[in-house]
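Open the model in your viewer and get ready to select residues by number. Each stop tells you what to pick and what is there.

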Amino acid sequence: TVVDFGPGFPPASVELAGAKTPVFTDLPIRKFPPGDYRLKASLWEGKKELARREAEFKMNWNWEAAILHNFEDVVDLLRYFSREVDVEPLEKAPADQRLEAWEKFWKERDPTAATRENEAKDEFERRVRFADAYFSYMGLPGWKSDMGKIYIRYGEPDQVDEDQSGMRNTNPFTQEEQDRYTSNVTRIRQTGHSTQTWYYFSFRRAFSFEDVTGNGSWVLRPPFDGRRF
């Protein structure tokens, strides 16, 4: 008797020993791109179909599928995580060796090589998952948003200030610079939109975002490198 799991899956040949016989097979679902899927299983005896069952399931984003199907995006994510990372060897890896090159890339950067955990890789993956979960907007993946890019690069802010009134200092110049070059620009400008400022004290950075549509489309405001103090 043959159990056919549908296109993309090898049929499983089994001997039925009673009223119910469990059948197991390995499905390469980690290689599937994210999306909705339908699994169809048919039970055949010769050319006669004895039974059929269908079930729907959803594949979320995972690294193996991303490397196989969206490798350029994966490399871009590494650039967000650390601008000093040399991704050229990874970029040049042949398509059939990308997964192996990915594992090698992180093995070389494991801060505790003697343990099973790779803290650098784990933190990178955590930041990407967080960005994708919290900063997505209107079909734009969270890791492609301005907030997502900053979060992946610097991690959790040390402090977050939010102003929902629309009144916020959005002038990137210091008072001294303003007095010298931009005396006609007011220090406080009313934007009419909510703003957030993320502070990273150890990096000496502060990034301001403005919700330009009022619906969560947070846009990074200058200075874009976050050099505030």
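## Stop 1

Start with Pro223, which sits in the segment after strand 10. This is a predicted model. The peptide bond from Pro222 to Pro223 is cis, and its omega is near 0°.

## Stop 1: the sheet

What is the order of its strands? It reads 5-8-9-10. These 4 strands make an open sheet, and the pairing is antiparallel.

Colour strand 5 (159-163) and strand 10 (218-221). They stand at the edges, each with a single partner strand, so one side of each has no neighbour in the sheet. Turn the view to follow the twist. From one strand to the next, the twist averages 25°.

## Stop 2: strand 8 and its partners

Select strand 8, residues 195-200. Strand 8 pairs with strand 5 in the antiparallel sense, over 5 bridges. Pick out two pairs. Asp161 has Thr197 of strand 8 as its bridge partner. Asp163 stands opposite Thr195, again in strand 8.

Keep Thr197 selected and look towards strand 9. There the bridge partner of Thr197 is Ser208. Strand 8 and strand 9 run antiparallel, joined by 6 bridges.

Is strand 8 enclosed or open? Of its 6 residues, 5 are buried, so strand 8 is largely enclosed by the rest of the structure.

## Stop 3: the hairpin turn

Move on to the turn. Strand 8 and strand 9 form a hairpin, with 4 residues between them. Select Arg204, in the loop between strand 8 and strand 9. Its phi is near 55°, a positive value in a residue other than glycine. Arg204 counts as partly exposed, at 49% relative accessibility.

## Stop 5

Now show helix 6 (146-154). Helix 6 packs on the sheet and touches strand 8, strand 9 (205-211) and strand 10. The direction of helix 6 makes about 10° with that of strand 8.

How many residues of helix 6 are buried? The count is 7 of 9, so helix 6 is mostly covered. Select the buried ones: Met147, Gly148, Ile150, Tyr151, Ile152, Arg153 and Tyr154. They pack against helix 2, helix 5, strand 8, strand 9 and strand 10.

Step just past the end of helix 6. Gly155 is there, with a positive phi of about 85°.

## Stop 4: a buried arginine

Go back into helix 6 and select Arg153. Is Arg153 buried or exposed? Buried means under 20% relative accessible area. Arg153 has 18%, so it is buried. The side chain of Arg153 reaches the backbone oxygen of Phe81 at 3.5 Å.

## Stop 5: helix 2 and its covered face

Phe81 leads you to helix 2, residues 71-81. Select its buried residues: Phe71, Val74, Val75, Leu77, Leu78 and Phe81. Look down the axis of helix 2. The buried residues fall within an arc of 155°, so they line one face of the helix.

What covers them? The cover includes helix 1 (63-69), helix 3 (88-91), helix 4 (98-107), helix 5 (119-134) and helix 6.

## Stop 6

Show the side chains at the contact. Helix 2 supplies Phe71, Val74, Leu78 and Phe81. Helix 4 supplies Arg98, Trp102, Phe105 and Trp106.

## Last stop: an exposed loop residue

Finish at Met138, in the loop between helix 5 and helix 6. Met138 has a positive phi of about 50°, although it is not a glycine. Is Met138 buried or exposed? At 74% relative accessibility, Met138 counts as exposed.

Technical notes
Residues numbered from 1 in each chain as written. Predicted model: local features only at pLDDT ≥ 70, side-chain atom pairs only at ≥ 80, totals over all residues. Heavy atoms only, no water. Buried < 20%, exposed > 50% of the residue type's maximum accessible area, 1.4 Å probe, protein only. Helix = DSSP H or I, 4+ residues; strand = E, 2+ residues; numbered from the N terminus. Arc of directions from axis to C-beta. Contact = heavy atoms within 4.5 Å. Pairing = 2+ DSSP bridges. Axes fitted to C-alpha atoms, helices over the stretch in contact; angles between N-to-C directions. Polar contact = N/O pair within 3.5 Å; in protein donor to acceptor, adjacent residues only side chain to side chain.
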